[in-house]
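Thanks, everyone. I would like to talk through the cavities and then the contact between the chains, so please keep the model open while I speak.

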Amino acid sequence: MGALLDIDRLAVALPGPRGPLPILHDVSLTVGEGELVGIAGESGCGKSMTAQTVLGLLPPGAKTTGSARFDGRELLTLDRKGWQRVRGRGIAMVFQDPTAALHPMLTVGTQLTEHMRIHLGMNRKAAQRRAVDLLDQVRLPDPERALRAYPHQFSGGMRQRVAIAGALAAQPRLLIADEPTTALDVTVQAGILALLDRLRRDTGLAVAFITHDLGVLSALTARSYVFYAGRVVEAGPTGALLTGPRHPYTAALLGARPHGGQTGVALTPIPGSPPAPGELPPGCAFSTRCAHVRDECRTAVPPLHPAGPDRTSACVIRTELEVAA
Amino acid sequence: MTTRTTDNPGAATTAAPGPRPRLSHRHPMLAYLAKRLVITAGLLLGVTVLTFGLVQVVPGDPVTANLSDQALNDPAAVAAFRAKWGLDQPVYLQYWHYLQHLLSGDLGTSQQTGRAVVEDLLHYVPATMELAIPTMLLALLLGTGIGMLAAVRNGRLTDQLIRVGALLGLSTPPFWLSLVVLYLFFYQLGLSPSGGRLSPGFTPPDTVTGMYTVDAALSGQWELAWDAAQHLVLPVLVLTCLTVAILVRFVRSSMLEVLQHDYIKAAYAKGLPTSLVLRRHLLRAGLVPVITVSGLAFASLLSGTVLVENIFGWPGLGQYAYRSASALDLPAILGASLFVALVYTLVNLAVDLLYGLIDPRIRLQ
């Protein structure tokens, strides 16, 4: 049985001033039916680009190789009509900033129902009834009135609930949540995360959860991928990945994260910054910042290798990390 | 637990649409309009002061501009002219008398036409409106469509061609374009009349709006309406070219900016057909900044276009203002200036109201 979303050796290059600029390299990733999968990494590492590829939202002129299959069907070769059927209905997306992702001049009702009417063939009345149900489902108070309101009349957290309801409107099977809590207050984040988890359990929705916050993953996802400079550098069960990382980058990310209860523990920032696309060093992209770097890291890109049960890592010292853990 | 939140202060903070601001202020719209009206009145007063002052400073004398050489040599005639138009009084008194008349709706009498300025305006302004209104409608339609097309095809051949076309339109002098279309459509092809509002042999319809096509159609004189419409074609064509060129550039850049927004991406991500995304999501947001430019363009058209009106023999406001200015015909200059100022303030008011209509975020403030 194939996965719902099966990305295989995907590479994406965007048109740049000096020729194509490679953004994603050799990305393989799966999301199973009803599964909640985490995708983590710093900004600019290719997480969002992966999401945009899967929705056909890459800027014009972007070149893709490899494959991305949704429910067995290849996405990368879809024409415009084909994309219109997949978007919203098969794969839906929640954006990072709900304020930017909701149209400021259209009512919530319009934004919730317009794609329902196209994908589900509903009339106005039926679509509005479903919109009220959806808003109820995402726990938005007074849904009837909300339909007539505009996005700016809601708080940030409520806006994200509206956006999630909109993403769910046409009954998609996969939801891509691109940092859906990053733009929100910390107190609001937990509510949104709980909502996503509840929706997955209630409706069998598969969720790809993109974040830069590894802590969020542990609470939510069973499996996670860690991206660095357009590559997957480590993948595996979230719990194991966070407690015993098999890639120095994952370990470094964990070290740079504030620890909830612990005080007095100094954070360890990762030296330097991620290389820009097109300025990658030869060999491992993390070699310029890695504390464990060896000569061989600077010559060839290490491929993903098994590193424990259901785990893979793209690091030459993955076995030593395993022993150390 | 979905209760109406209007009378529940606890829920009102979480319920999204907050309480309507200032319920005590029952008619914020009326208050706003009243405020704008007062501002407009002040502005018009300022225009009279400025125009009055400017005309005093300008070298030249209405007497020499209006009287024949023979009359100028006759001191009695000069004195009579000065007395008749109040030019023998000090400026502040002239101004004071002018204001007094103005308040009763009397703009004075034009030295050139010998008619009341109000009457002159009622004659010349509708002629200009007859050009300005179809021009603006056409320009809005074409400008929005072409500008949007350029934005959606950003950087591609269509976009390049449109941009070059818009630049050409902007840099083409209107009088030159007028002469070219006249040469082509009147002289070479014989398809259109050479100018004026009606062909010889037709008499203007009874005045309702003052716009011949409209008035003729209202009274059922279809032949007359058709003739008047034919006279509109060339000047409207020239003015539309210019206005479209201005609008296309604005629409294009505005739409390009909107296209960057996440909500456009989100609209596509919902699986909406492109036509719907463009029509509902892009157009609405992209038009907001365009409204201002369109308003200014419309006001400028309504204020008359001297060169185009001149070449097409169109008796519009531009011609009237031009002739009054060259004759230092103070009442007429003041009347035309007041009208233009009024047009600009009214158009600006309409623009502000339109903003509120299109953008709900502005509506609530």
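The lining of the second largest cavity divides into 11 nonpolar residues, three polar and no charged, where Ala, Val, Leu, Ile, Met, Phe, Trp, Tyr, Cys and Pro count as nonpolar, Asp, Glu, Lys and Arg as charged, and the others, Gly among them, as polar. This is a predicted model, in which local features need pLDDT of at least 70 and side-chain atom pairs count only at pLDDT 80 or more, while totals for chains, interfaces and linings use all residues. Residues are numbered from 1 along each chain as its sequence is written, chains are lettered from A and ligands numbered from 1 in the order in which they are written, and side-chain values use heavy atoms, with hydrogens and water left out.

That second largest cavity has a volume of about 90 Å³. Of its 14 lining residues, A:Pro248, A:Cys284, A:Cys290, A:Cys297 and A:Cys315 are the closest to its centre. By a cavity I mean a set of points, on a 1 Å grid over the protein atoms alone, where a 1.4 Å probe fits but cannot get out, and lining residues have an atom within 4 Å of a point; the grid points are joined across faces, edges and corners, and the volume is the space filled by probe spheres set on the points.

Two or more lining residues come from each of strand S6 (91–94), helix H4 (108–119) and helix H7 (156–168) of chain A, and from helix H12 (262–269) of chain B, the elements being DSSP runs numbered from the N terminus (helices H or I, at least four residues; strands E, at least two). By class, this lining has 14 nonpolar, five polar and two charged residues.

Turning to the interface, 33 residues of chain B and 35 residues of chain A take part in the contact, meaning heavy atoms within 4.5 Å. Two salt bridges cross between the chains, a salt bridge being a side-chain nitrogen of Lys or Arg within 4 Å of a carboxyl oxygen of Asp or Glu. B:Arg280 and A:Glu114 form a salt bridge through their side chains, at 2.7 Å from N to O. On the side of chain B that touches chain A, H12, helix H13 (274–302) and helix H17 (360–363) of chain B each give two or more residues, and H13(B) supplies the largest share, seven residues.

Conventions:
1 Å grid on protein atoms, 1.4 Å probe; cavity = no way out; pocket = protein on both sides within 12 Å on 5 of 7 lines; lining within 4 Å.
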